[in-house]
Amino acid sequence: MTECPECGRAIEKQNLIEGEIFPCPDCGLELEVTSLAPFRVDTAPREAEDWGE
Amino acid sequence: MNVSIVGGSGYTGGELLRLLLRHPKVDVAQVTSDSMAGKPVVRAHPNLRRLTDLRFTPHSDLDPCDLLFLAMPHGRGMDRIPEFLARAGKVIDLSADFRLKDPGLYRTYYEVDHPHPELLAKSVYGLPEVHREQIRDATLVSGPGCIATAAILALHPLAATGLIHRDRVVVDAKTGSSAGGSDGGLAAAHAERSGVMRAYAPANHRHTAEIEQETGLRVALSCHAIEAVRGILATCHTFLEETITEKDLWRIYREAYGKEPFVRIVKEASGLYRLPEPKILAGTNFCDVGFVLDEHAGRVVTIAALDNLMKGAAGNAVQSMNLMAGYPETMGLEFVGLHPV
């Protein structure tokens, strides 16, 4: 069990796998599983766009 | 349970009928209207065609029933409330006549001297999220105002914390045309209302008294008419006494509303509908509540959206009826809304 870094919602490990990206059920923030043991999530990196600059 | 509606020809009466005719535990016995006496109720509420053969009866022909809904304009039921209470064991009044506990406020906000101040202490302010247990045992429930409902639900959790300045609260409300009733006069004419963005009550709106009574805050309320038929959006500005984080706000609102069947916390990181919007709540009994921390200004903006005829009136009244009768609180109120709409 861990929590969303944005809203504090409890997040359970369930069937998540390392590297999986999923939305927080409360605030919708995209989260990434960064570790399974111990179970940790962090804000998922946003897609970087190359705008040709 | 046999229920009747007094003053059922308006929009709130129609919405009550829409809900009650489909409620599994309710039989609607009578719907009264002097102006439409003898006419089918579907004449006033065409969306109910084939659902009922009821006709409006005059107020004077009202029979005893188990529970009575009063859907009359403010002031019309004040004098007759003892008669209504004698005719039905329980009464839910959707007007403002028994919302305020201080009788002096009726002179200030409604320009009347209340004829039954002794009943103001007996009536229960009918907002289940604040007075659920009192509503269960009540005989007289007073349905809150639509703008007040949105503002109270937005502010109540924060007001209980002591984190905000209690005398610096601004509520900016936008409202659709149906909140003005079916007899809205010239202001409701299409030519006047279409495209409107009008500050119709920048100060001293009547609902100020209810919001202050229920939150304990001193509130500056401004109300605007906008281009919508249904819907209230209340944007509430509060100012912090101490530093907090958004996670603190999540904890406060989650504790208040995490188990509420009709209040949803809406504050999402992506998508179109990140904060509450009344558009997708039309016909539902939900009040969506969201918040944003403005660190720059030391401000918390709380936002509530609802359908003024539902959570702001008839839906909330049926929710209260369910509590008074011991039925499941959500019975007959399960509609989840439309999208797109």
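So, A:V33 sits across from A:V41, which belongs to strand 5 of chain A. Strands here are DSSP runs of E with at least two residues, numbered from the N terminus. Before I go on: this is a predicted model, where local features need pLDDT of at least 70 and side-chain atom pairs count only at pLDDT 80 or more, while totals for chains, interfaces and linings use all residues. Residues are numbered from 1 along each chain as its sequence is written, and chains are lettered from A and ligands numbered from 1 in the order in which they are written.

Back to chain A. Strand 4 (residues 30-36) and strand 5 run antiparallel, joined by five bridges; strands pair if DSSP finds at least two bridges between them. Chain A has an open, antiparallel sheet of three strands, ordered 3-4-5. Strand 3 (21-23) and strand 5 (39-43) are the edges: each has a single partner strand, so one side of each has no neighbour in the sheet.

What about the two chains together? Seven residues of chain A are in contact with nine of chain B, contact being C-beta atoms, placed from the backbone, within 7 Å.

Last stop, chain B. B:R274 lies in the loop between strand 12 (263-265) and strand 13 (287-294). B:G176 is 98 residues away along the chain, and its C-alpha is 21 Å from that of B:R274.

Conventions. Two residues are in contact if their C-beta atoms, placed from the backbone, lie within 7 Å. Helices (H or I, at least four residues) and strands (E, at least two) are DSSP runs, numbered from the N terminus.
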